[in-house]
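Dear colleague,

Please find below the structure that I promised to hand over, together with its sequence. My notes on what was found follow after it.

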Amino acid sequence: MVMMVMMLGIEADLEYKKIDTPFSMPPRYLPAHAQLNNYWTFNGGGEHPSTEGSDLIMQTDLWDFDLSNNIWINKTGLATNSYPPAHSRAAVYRPSTSEYIFFGGSPADCSALYSIPRSFSSSASLSTSYVATHIPCPLSFHSHIIGHSLVLVPSSTPSDPTSFDTIYLFGGTEDLVDEIPPGIGLTFKLLLPINIRLSNLSHSDLKWVQIGTQSNAQPEARYYASLDYIQSQNQLILFGGTRHLKSATQSGYNFDDLWNFDLESETWTRIALDPTCHPEPRCLHATTPYSTFGLFIHGGVSEHAITFSNLWFYHVIDQKFVIFKTSGWKAPFREGHSMTYYNNSAGKEWIYIYGGDVEIGKPITSGQMWSVEVGKAKMGCGEGVGGIGECVGVWANCEGVDEDDTLAPGGEGKRGVILVVVIVVLVIGVGVLGWMGYYYWKKQQMNKVVEPMN
């Protein structure tokens, strides 16, 4: 019997907690990030200033967040050289060589991969300098790449000196000066000989190789999707994204499909989802794998520019989604944010959410770190149109709200109207009961709860 440990003892609503620290990384949108044990490392990203109409300010700093002690550590000064500032950069941590690898971003050059080693001293400090390794850009990219997904899969036989670590790349688009063109739907891999740091490899031996072309079906071109490695299944999971960010607020431009990339056969397979229970189309969401069989999905932006706060869980073996029930209104609305999973020494399971934009009227970049314990959380799916299991409203239990109207195709605009009502109510000082944003879980719809699996 396979047991979903996280889902045993389903007792309480999710309660998000904002972590206040006297010293923290500044607000950040789309930074590169990777996790090593209890250290969550960030590099670069951008910030939307408070002045409306201002350009995104690029950053190049380097930070750790210590998940075991909930403190920030500025590592910028430990690098002996700087890394070009950029947003939408992707990062992976490579265990066999104890190094971080960064790729892409705007305005970084897509022909360069940057690496920096990490020492394993008691302070877990970053040391030495960034090293650029130049290889040809992946096919179809000419200068810059943004909105791409990057995953490292360690060698399955690390004791074999002839084996390889592999970096997988999917999607993305060129970042041009005047506009961002539609996404590119290609899959690549980059083989890295085990135990040899990127900076010590011969450039002539490194090449992005296109794969996945033998699949009967392939994901459509997109960017700002998510791609995660599920080790137990030897597969990558792709979810969401957008065809074209400039049109992402129009119907039909965001995706809600889920794909499995089998690493053995290097083929894509679309997963048939329960039409009554799965996330709405979105891009710029955050994901993180759970244990050996699951995936968390949080936030993102929908068509019609709705920023989400909901947290979903996908079980890769059962191929089903469930949504978490949230207590109160303190569920952070985010897009372009970062998320990770951490199981602490006490055996408690936490999700951490950092940064991102809050889209209400105009983008405002957040510098907040949130945590939520997911080990004993209520979850399930109701019977709402579109399978969301949520209703839209500003009052407790969504009384008086026609769920069919608000969740059916074309009903998203009514949610925006409701948000305006909320803002007006807040301004005039009238209390809002049970409001958590656009979405409030309807208790009587908790008719499906995850049970142990046979």
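**Aromatic pairs and the rest**

Tyrosine 290 is buried, with a relative accessible area of 3%.

The ring of tyrosine 290 takes part in two pairs. With phenylalanine 296 the ring centres are 5.8 Å apart and the planes stand at 80°, which makes the pair edge-to-face because planes over 60 degrees apart count as such. Phenylalanine 296 is itself buried, at a relative accessible area of 0%. With tyrosine 341 the centres are 5.1 Å apart and the planes at 85°, so this pair is edge-to-face as well. Here the two residues come from distant parts of the chain, since tyrosine 290 lies in strand S20 (residues 286-290) and tyrosine 341 in strand S24 (residues 338-343), 51 residues apart. Tyrosine 341 is also buried, with a relative accessible area of 14%. In total there are 26 aromatic pairs, and one aromatic cluster is formed by Phe23, Trp40, Phe42, Trp63, Phe65, Trp72, Tyr352 and Tyr354.

**Salt bridges**

Side chains of opposite charge can pair when their charged atoms come close, and the structure holds eight salt bridges. One of them joins arginine 28 to aspartate 61, with 2.7 Å between the closest N and O atoms. The partners are 33 residues apart, arginine 28 being in the loop between strand S1 (17-19) and strand S2 (32-36), and aspartate 61 in the loop between strand S5 (57-58) and strand S6 (62-66). Arginine 28 is buried, at a relative accessible area of 0%, and aspartate 61 counts as buried at 14%.

Another salt bridge brings together aspartate 165 and arginine 94, at 2.7 Å from N to O. This pair links strand S13 (residues 164-170), which holds aspartate 165, with strand S8 (residues 90-94), which holds arginine 94, across 71 residues. Both aspartate 165 and arginine 94 are buried.

A further one, between arginine 243 and glutamate 220, has an N to O distance of 3.2 Å; arginine 243 sits in the loop between S17 and S18, and glutamate 220 in the loop between strand S15 (209-211) and S16, 23 residues apart. Arginine 243 is partly exposed, with a relative accessible area of 26%, and glutamate 220 is likewise partly exposed, at 43%. Salt bridges with shared partners also join Arg94, Glu99 and Asp165 into one network.

**A four-stranded sheet**

Four strands, in the order S16-S17-S18-S19, make up an open sheet with antiparallel pairing. Strand S16 (226-230) and strand S19 (267-270) stand at its edges with a single partner strand each, so one side of each is left without a neighbour in the sheet. On average, neighbouring strands of this sheet are turned by 25° against each other, direction ignored. Strand S17 (residues 235-239) and strand S18 (residues 258-262) pair over five bridges, and phenylalanine 239 has leucine 258 in S18 as its bridge partner.

**Where to be careful**

The average pLDDT of the protein is 76, and 71% of the residues score at least 70. Over residues 1-11 the pLDDT stays under 50, and the model has 38 contacts beyond four places in sequence for them. The pLDDT is also below 50 over residues 382-454, a stretch with 151 contacts beyond near neighbours in sequence. Where pLDDT is low, the predicted coordinates should not be read in detail.

Conventions. Residues numbered from 1 in each chain as written. Heavy atoms only, no water. Pairing = 2+ DSSP bridges. Axes fitted to C-alpha atoms, helices over the stretch in contact; angles between N-to-C directions. pLDDT = per-residue confidence, 0-100. Contact = heavy atoms within 4.5 Å. Salt bridge = Lys/Arg side-chain N within 4 Å of Asp/Glu carboxyl O. Buried < 20%, exposed > 50% of the residue type's maximum accessible area, 1.4 Å probe, protein only. Phe/Tyr/Trp six-rings, centres within 6.5 Å; stacked < 30°, edge-to-face > 60°.
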